Amino acid sequence: MVLTVQNCIEIVKEDEKVICQSSRLPYYPLVVKRAKGAIVEDLDGNQYIDLLSSAAAANIGHSHPKVVAAIIEQAQEFVHYTPVYMYHEPLVKLAKELVDITPGNFRKKVVFGLSGSDANDGVIKLARAYTGRSKIITYIQSYHGATYGALSMSAISTSMRIKVGPLVPDIHHIPYPDCYRCLFGKNEENCNMECFTFLENAFKYYIPIEEVAAIVIEPIAGDAGIIVPPKRYMDRLYSLCKEHEILFVSEEVQQGFGRTGKWFGIEHFNIQPDMIVMGKSIASGLPLSAIVAREEIIESLGTPGHLFTTGGNPIACRAALATIEVIREENLIDSAKELGAYTKERFIKMKDKYPLIGDVRGLGLSIGVDLVKDRLTKVKDRNAAAKVCYRCWEKGVLVTFFSNNVLRIQPPLVISREQIDKALDIIEESIMEYIEGSIPDEVLEVAKGW
Ligand SMILES: Cc1ncc(COP(=O)(O)O)c(C=O)c1O
């Protein structure tokens, strides 16, 4: 099929001349003109069903009228006055809401920022200040952001780390519990939680446990390829944290705000984390992030321990309040659960037909479809992922991949059943075309991805 994207191509060419290309992971030349709900339109008038939600930053759909109205209303009052020196109402209202919707039967407080990355930097500071310990534990293949702290917590790509060291010290990475590609070669029958033993051994041999301030875990490892940890791992991790007074931090920048069929992903595990990190969809894509934590943790930094001139911007706070209202009014948490189950089921049916699909996993509308060269060896098929995504774009569906080979299925939670069906039909057609060999190699030069 021929897609006319001349205007888009022109802008992409101009972009390459003036924009830092290290801030890009291109899949196809889509220049967004407008977006509404689950539909994105490009500069040439082509419309696409969005299965990416602006990297999980548009859970309630693009340009929701309530969010747009809140933004306009607030902009007419005042655009910003820094909460570092003065106060404003939307900030306080939003903090109250966040305290309400997060798990944890204890007194909580909030600190705001502008991105998931800076919130993760805040986590390092707070954990160290509160515990008086320096070590932070995070996971191999995790992505927490691009600022120095968040990058140091991340372990997803050496390309991100090369040339920029030294990074923030005393951050240690351990294997995420990945039951599909178990690092320890185990399966459901013979698993003895070797991944947990790895952590115990780390504490035995090289990480003094009494120096550990926090363990930061995503309730679903997002950029690692939507990996859902087993509940018994999470239970043991939480108990270990409690026993050794290590802070348990749920990193929900990608999985929060209804995405997984709960307000926050950690609720699937009945855990009350000491800190929750949020960003992306909190304000439907406006720059806002937050850490919600036990009061005593938030107050452990002296003034001025963690503040940003443009943090907690009132327009972003109003957008966040509207976002929370929409999630409640439109029952989007239930939608994520129901549509998620439906979508997963359809992918599982595809898996029965196409050996290319090695695994389908996820919670709610956070689903990963793992494409493999061979089901036995589970070798990742990066080219398949890139070609399928590109062909989907040509046919009107925005889908990307991460972890080299995992199709990222995270549509806005307002997507309709018809839109999901259409998108899934197109994905299936594209998979068939890939298998037939009718997607040319040239697309690999464009669809670079993560
Ligand atoms: C889990 C997770 N944490 C943190 C970040 C960083 O957020 P931001 O890009 O807003 O700094 C991301 C972004 O992809 C993420 O997926």
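I started with helix 8, where Glu-194, Cys-195, Phe-196, Leu-199, Ala-202 and Phe-203 are buried (under 20% relative accessible area with a 1.4 Å probe, protein chains only; exposed is over 50%, partly exposed in between). I am working on a predicted model, in which local features need pLDDT of at least 70, side-chain atom pairs count only at pLDDT 80 or more, and totals for chains, interfaces and linings use all residues. Residues are numbered from 1 along each chain as its sequence is written, and side-chain values use heavy atoms, with hydrogens and water left out.

**Helix 8, continued**

Helices (H or I, at least four residues) and strands (E, at least two) are DSSP runs, numbered from the N terminus. I noted that helix 8 covers residues 194-205, twelve residues, and reaches 16 Å from first C-alpha to last, close to the expected 16 Å (1.5 Å times one less than the number of residues). What do its buried residues pack against? I found strand 5 (135-139), strand 6 (171-174), strand 7 (212-217) and helix 9 (231-243), with contact meaning heavy atoms within 4.5 Å.

**Helix 3**

Next I looked up helix 3 (residues 65-77), whose buried residues are Val-67, Ala-70 and Gln-74. They lie on the same side of helix 3, because they cover an arc of only 60° around the axis (taken from the directions from the helix axis to the C-beta atoms). Pro-65 and Gln-76 are exposed on the other side of helix 3. Among the elements covering the buried residues I saw helix 4 (89-101) and helix 11 (314-329).

Then I turned to an open sheet of four strands in the order 1-2-3-13, with mixed pairing (two strands pair if DSSP finds at least two bridges between them). Its edge strands are strand 1 (32-36) and strand 13, each pairing on one side only. Helix 14 (residues 417-436) packs on this sheet and touches strand 2, strand 3 and strand 13; its direction makes about 100° with that of strand 3 (axes are lines fitted to C-alpha atoms, for helices over the stretch in contact, and angles run from 0 to 180 degrees between N-to-C directions).

I went through the pairs in turn. Strands 1 and 2 are antiparallel over four bridges, and Lys-36 stands opposite Ile-39 in strand 2. Ile-39 also stands opposite Ile-49 in strand 3. Strand 2 (residues 39-42) and strand 3 (residues 47-50) run antiparallel, joined by three bridges. Their hairpin has four residues between the strands, and there Gly-45 takes a positive phi near 85°. Strand 3 pairs with strand 13 (residues 397-398) in the parallel sense over two bridges, and Asp-50 has Leu-398 as its bridge partner.
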